[in-house]
Amino acid sequence: MSVQLPDAGPAVRVRGAGLAFGDRTLWSGLDLDVEPGEFLAVLGPNGSGKSSFLKALLGMQSLSAGTVEIAGGRPGGANRKVGYIPQQRAIDDSLTLRGVDLVGLGLDGHRWGPGLAGMRARKRRVASVIESVGGTRYAKQPVGRLSGGEQQRLRVAQALVGDPTVLLCDEPLLSLDLAHQRAVSELIDARRREAGSAVLFVTHEINPVLQFVDRVLYLVNGQFRIGKPDEVMTSETLSDLYGTKIEVLRVGGQIHIAGAQSALCEDEPHHHEQEAVG
Ligand SMILES: Nc1ncnc2c1ncn2[C@@H]1O[C@H](COP(=O)(O)OP(=O)(O)OP(=O)(O)O)[C@@H](O)[C@H]1O
């Protein structure tokens, strides 16, 4: 006799969602289902509400309207298997926490059982995730002394260690060189292919992840478009969204925005103030 499993449903379900600060509406009327294993790129100029969208999914930001469900329940609920890679901040180089400890912070302490056996299982899980991001060599060193790319790999490991159903990534490629951009985006892609995690990936630059992207959510000036890259990243759609003439060129499999103002950012480096943590 085969057991009929209930339909798991989408990994993320957004209905009629809106977010406004004072009289400024970042977005409204947002309906979106993100399926398990789907890779959704969230694009848009500075201040369009990309990070706030992820924060609403994490339960760190309340919506002005509508509802969101993530991993089958309310944002921020207990046992939600959600991995989060926050926007990169420089780690204070005096931080003596080791890489293995940083990654271990991503584990739900209760799942691994009590006593020595639980502790060993926890250690094995942390070690195997660190291995999967190629971080074994430096994981026992103080995090503050590692390079930006090494720290970022450990942050990815921390987000993956709890076996997330949904992975929320806020500009995870920021300030990485091309080789590390490729390595980190491949790690995230592998997670959704091998474990079926849904990936929501905020980025200013679609090209480094274009090959992985199933759909794009593009936020601009209180409006948005959702669709495949070929549908959204067109001169017509972006001109319509930005309310000005924009030319999108496809060159060598990449997307370039010609005559773009810096606000469009696709070809612009993104600057952030580095803030220290720890
Ligand atoms: N709690 C808050 N109260 C008031 N305004 C806020 C709050 N949180 C965010 N904002 C404003 O909402 C806008 C969107 O912020 P958000 O960080 O979501 O943008 P973003 O698209 O991620 O931008 P960036 O590309 O610069 O990271 C910004 O103008 C920000 O100042």
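## A hairpin, an open sheet and a ligand shell

Strands S1 and S2 form a hairpin with two residues between them, and Gly-22 in the turn has a positive phi of about 60°. Here, helices (H or I, at least four residues) and strands (E, at least two) are DSSP runs, numbered from the N terminus. Please keep in mind that this is a predicted model: local features need pLDDT of at least 70, side-chain atom pairs count only at pLDDT 80 or more, and totals for chains, interfaces and linings use all residues. Residues are numbered from 1 along each chain as its sequence is written.

**The hairpin and its sheet**

- Strand S1 (residues 12–21) pairs with S2 in the antiparallel sense over seven bridges; two strands pair if DSSP finds at least two bridges between them.
- Three strands make up an open, antiparallel sheet in the order S2-S1-S4.
- Strand S2 (24–34) and strand S4 (65–70) are at the edges with a single partner strand each, so one side of each has no neighbour in the sheet.
- On average, neighbouring strands of this sheet are turned by 25° against each other, direction ignored, with axes being lines fitted to C-alpha atoms, for helices over the stretch in contact, and angles running from 0 to 180 degrees between N-to-C directions.

**Around the ligand**

- The residues around the ligand include Phe-21, Leu-26, Gly-44, Asn-46 and Lys-50, where near means a C-beta atom, placed from the backbone, within 6 Å.
- Helix H1 (residues 50–58) gives the largest share of this shell, three residues.
- By class, the shell has two nonpolar, seven polar and one charged residues; Ala, Val, Leu, Ile, Met, Phe, Trp, Tyr, Cys and Pro count as nonpolar, Asp, Glu, Lys and Arg as charged, and the others, Gly among them, as polar.

**The chain and its core**

- The chain holds seven helices and eleven strands.
- Of its 278 residues, 36% count as buried, meaning that 20 or more other C-beta atoms, placed from the backbone, lie within 10 Å of the residue's own.
- The largest nonpolar core has 64 residues, and Leu-200 and Phe-201 have the most contacts inside it; such a core is a set of buried Ala, Val, Leu, Ile, Met, Phe, Trp, Tyr and Cys residues joined through C-beta atoms within 7 Å.
- Not counting residues up to four places away in sequence, Leu-200 touches Val-12, Val-34, Leu-40, Val-42, Leu-54, Leu-168 and Cys-169, a contact being C-beta atoms, placed from the backbone, within 7 Å.

Note on methods. A residue is buried if 20 or more other C-beta atoms lie within 10 Å of its own, exposed if 12 or fewer, and partly exposed in between; C-beta atoms are placed from the backbone. Two residues are in contact if their C-beta atoms, placed from the backbone, lie within 7 Å.
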